[in-house]
Amino acid sequence: MSYSKKGGAYGTPAGDTDFRKNWDVDEYAAKAKDREAKEKEERKARWEAKMAGKKYHQQPTGNETYTSARRNVLDLSAQVGKTQLVAAGAGVGKRGRSAGFYCESCDLTFKDNKQFVEHLNTTQHLLNTGQTTEVRRATVEEVMARIDMYVRRRDDLEREKATSLHDRLKLREDEMEKEAEEKRAKRKEEAEKKRLQREEAAKVKTGYSEDLRIEGEHDEDDMMAQMGFTGFGTTSKK
């Protein structure tokens with residue numbers, strides 16, 4: 001079976017560049033025109049805000065949601081002890097990603113966690129994340145539902161802490177037994193300490209010879225000798 005040089009494998013005409021994707025030039029030209037118009041409007045709004053001495057904020061698109069409390073927990077210590085590789089000129093200013101706390105929505109980097117947390121509550125960050133600066137007013141049904149949730153949570157905690165009468169009595173008996181054991185050990189330690197002191201004093205007293213005198217031990221005998229008394233005689237025989 002023979003094929004034409006200009007034909008494909010299935011009999012269709014083929015060229016050297018048929019494998020390339022065909023782009024819709026008109027479609028992409030319209031997208032580029034819309035993007036340029038939006039950028040022009042943004043530049044104009046920034047210039048007007050600068051001339052008025054105000055800070056520029058992104059204009060709402062109508063798809064924003066009400067501001068709500070954060071549901072996720074900020075882990076500010078996740079980068080502690082870690083090494084980051086950043087570009088050579090990334091450490092100048094806050095714009096762009098560099099070493100620190102990076103906000104992807106606003107393309108800003110903060111050097112400490114206090115500035116980062118304060119930035120999360122600014123109008124700039126809220127608008128960039130699709131939120132407004134307004135908080136939706138809760139209805140009566142939502143308030144009652146939240147109160148019921150907290151009441152159920154409190155009841156569950158109390159139920160977990162509550163124990164039976166038998167368990168409380170057993171716990172009290174264990175505490176009393178432990179206190180009594182500590183008191184017995186303390187009394188035994190004090191008695192042993194006094195016994196060692198008495199034994200030490202007895203060893204010191206018997207260690208002296210007959211010609212050694214302990215200070216204060218023979219004061220009464222010395223006084224009697226000075227007064228001429230050598231002893232008290234008695235006629236009774238033992």
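Here is a quick tour of the side-chain features in this predicted model. Local features need pLDDT of at least 70, side-chain atom pairs count only at pLDDT 80 or more, and totals for chains, interfaces and linings use all residues. Residues are numbered from 1 along each chain as its sequence is written, and side-chain values use heavy atoms, with hydrogens and water left out.

**Aromatic rings**

- How many aromatic pairs turn up in a search of the whole structure? There are 2, where rings of Phe, Tyr and Trp (its six-membered ring) pair if their centres lie within 6.5 Å, and planes under 30 degrees apart count as stacked, over 60 as edge-to-face and the rest as tilted.
- Helices (H or I, at least four residues) and strands (E, at least two) are DSSP runs, numbered from the N terminus.
- F116 has a relative accessible area of 12%, so it counts as buried. For the wording here, buried means under 20% relative accessible area, exposed over 50%, and partly exposed in between (1.4 Å probe, protein chains only).
- F116 also pairs with F110, this time tilted, at 6.4 Å centre to centre and 55 degrees between the planes.
- F110 is buried too, because its relative accessibility is 5%.
- Elsewhere, K31 lies over the face of Y28, 5.1 Å from the ring centre. The rule for a charge over a ring is that NZ of Lys or CZ of Arg is within 6 Å of the ring centre and within 35 degrees of the ring normal.

**Around strand β2**

- D107 lies in the loop between β1 and β2 (108-110).
- The phi of D107 is near 55 degrees, a positive value in a residue other than glycine.
- D107 is partly exposed, because its relative accessible area is 30%.
- Leaving out residues up to four places away in sequence, T109 touches K94, G96, R97, S98, A99, G100, F101 and Y102, with contact meaning heavy atoms within 4.5 Å.

**Salt bridges**

- The count comes to 7 salt bridges, each being a side-chain nitrogen of Lys or Arg within 4 Å of a carboxyl oxygen of Asp or Glu.
- D174 and K170 meet in one of them, at 3.2 Å, N to O.
- R172 and E175 form another bridge, at 3.4 Å, N to O. These two lie in helix α5 as well, 3 residues apart, again about one turn.
- R172 is partly exposed with a relative accessible area of 43%, and E175 is partly exposed at 36%.
- Further along in the numbering, E192 and R195 meet at 2.4 Å, N to O. They are 3 residues apart in helix α5, so about one helical turn separates them.
- E192 comes out as partly exposed at 36%, and R195 as partly exposed at 32%.
- Which residues make up a network of salt bridges? E192, R195 and E199 are linked in one.

- V140 has its place in helix α4 (residues 140-161), and it counts as exposed because its relative accessibility is 61%.
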